[in-house]
Amino acid sequence: MMGARRLGMAMTACAMVAMLTVSLSRYQIAPKRIQYSRPSFRVGCQQSEAGSKARSIPSQDPKFIKAVENVLKDVGNRRNVENERRSKAMESARKRSFSSDNIDSEPDNIKSSIKGNDDSVDIVQQHLEVIKEKSPVIDERPVIPYLIVVEGKRDTAALKRAVNAKVLEIDGEGNSNKLSTFMKIRKEAKGTEGIMILTDPDRAGRNCRTNLDSEFSPCLHAFIPLHKATHNTSGNVGIENASIEDIRKALLFPRTSSKTRESLSRQELEGLGLVQGNGDHSGAGLVRQLTCEWLGLGPCDGKQLEKVLNRYGFDRLQIAEAVAQSRRAATQMGFLSGDPKDSFDYTISVNKKPFGMILNTESAYVKEVKGPAADAGIQSGDLVISIETDQETVRIKEELRKFLQVFRDAQPPFKLNFERKLSNEDI
């Protein structure tokens, strides 16, 4: 259809040129030497470049005038179409770029937001503000420069909402010990700072984490507590159920695995009541289960717990806090006797000075921590109970001034005993 239309237009143009040539041949002047101006056409007397040999062109010849007008009309129509096309293209470009020099061509919502203000306000400044409001939101997600390995696609979607990172799912525990999975992880980890593993806080997640760590250790591991990764109504356990804040906290403070680390002994776990020893540790299994849930490890027996805590580098302070939270929860549920405690005690060894801890001299609460004190896990608001040196032990409640003097003059190593309030989170 388009080809026939173009052919017809070409034939019409050829006929017009032929008619004009015939009309001008009577006056021995070539058509290309005709001069005209648009939009008004004026025919006068014109001579050829040959000089006096050419005859003058009378403006009264109707055939000549009609032939020239037809040609000019066709050329003018073509130019009008081209100009209209260019104008539409320029107008569309101005709309896309929110140009301030053509406000009337803007969308209605932008025009109303500009014209509705006081005329004395600078229009350009208003336009820039509108552009800023219409601009896309800047990505404020924390950047994690590691390849994060998760179990499923829902975990990937949850992590993408929380952080800006490269995420790879392995599709379940069954693929966590396959050679193809290991090759895929190594391939995707190229160009990143390393590998970080985040699995569900259940038995399958623990097995998956162990299989991956056996291949890639030492690598980073992130943990989310069970009660923060459980759906409120269905009870489903998964990383996809955790909040954005909890996911960010886990990824920003990961742990480095080690197959040879042995910082915790079984005797220490017995002292915390996490494993059954020779003493009276009634309820060790329940406390151990709740502690594993609080740390996001998945269910473990005594031997597995000792191995996992050493492998992923959990420090004594975090374990003590998790045990205190678990004991309080078990007591509140009636599984343990006694009154639930809202605080727990812990001890820090000071091996060098300055320690980086500022105390409130009136109440003995920690006011600020930095340096070694922050690295040891001390937090603002913790209460200092006592100091133990080789010579003496001073309790702060009894002798505040003496405690401050001993703390100032004591030479490392010495020990500080603290008390920390438990959070109100429910396991």
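1. Salt bridges come to eleven, a salt bridge being a side-chain nitrogen of Lys or Arg within 4 Å of a carboxyl oxygen of Asp or Glu. The model is a predicted one, in which local features need pLDDT of at least 70 and side-chain atom pairs count only at pLDDT 80 or more, while totals for chains, interfaces and linings use all residues. Residues are numbered from 1 along each chain as its sequence is written, and side-chain values use heavy atoms, with hydrogens and water left out.

2. Helices (H or I, at least four residues) and strands (E, at least two) are DSSP runs numbered from the N terminus. Both arginine 311 and aspartate 213 are buried; buried means under 20% relative accessible area, exposed over 50%, and partly exposed in between, with a 1.4 Å probe and protein chains only.

3. Glutamate 321 forms a salt bridge with arginine 420, their closest N and O atoms being 3.5 Å apart. Glutamate 321 is in helix α12 and arginine 420 in strand β11, so the pair ties together parts 99 residues apart in sequence. Arginine 420 counts as buried at 4% relative accessibility. A network of salt bridges links Glu321, Asp382 and Arg420.

4. Lysine 402 and glutamate 392 also form a salt bridge, with the closest N and O atoms 3.4 Å apart. Lysine 402 is partly exposed, at a relative accessible area of 33%, and glutamate 392 is partly exposed at 32%.

5. Glutamate 151 sits in the loop between β1 (143-150) and α5 (153-162). Glutamate 151 is buried yet has no salt bridge, and the nearest side chain of opposite charge, arginine 209, is 7.4 Å away. The side chain of glutamate 151 does reach the backbone nitrogen of aspartate 200, at 2.8 Å.

6. Helix α11 (residues 302-311) has Gly302, Leu305, Val308, Leu309, Asn310 and Arg311 buried. These buried residues pack against α7, β5 (255-256), α9 (266-272), α10 (284-295) and α12, where contact means heavy atoms within 4.5 Å. Just after α11, glycine 313 takes a positive phi of about 70 degrees.

7. The largest nonpolar core has 28 residues, and those with the most contacts inside it are Met357, Ile378, Ile387, Phe403, Leu416 and Phe418. Such a core is a set of buried Ala, Val, Leu, Ile, Met, Phe, Trp, Tyr and Cys residues joined through side-chain atoms within 4.5 Å. Strand β6 gives the largest share of this core, four residues. Another core, of 23 residues, lies apart from it and includes Val287, Trp294, Leu309 and Phe314.

8. Seven aromatic pairs are found in the whole structure. Rings of Phe, Tyr and Trp (its six-membered ring) pair if their centres lie within 6.5 Å; planes under 30 degrees apart count as stacked, over 60 as edge-to-face and the rest as tilted. Phenylalanine 182 and phenylalanine 216 are edge-to-face, 5.7 Å centre to centre with 90 degrees between the planes, and both are buried. The rings of phenylalanine 344 and tyrosine 346 have centres 6.0 Å apart and planes at 35 degrees, so this pair is tilted.

Key
Lys, Arg positive; Asp, Glu negative; His and termini not counted. Polar contact = N/O pair within 3.5 Å; in protein donor to acceptor, adjacent residues only side chain to side chain.
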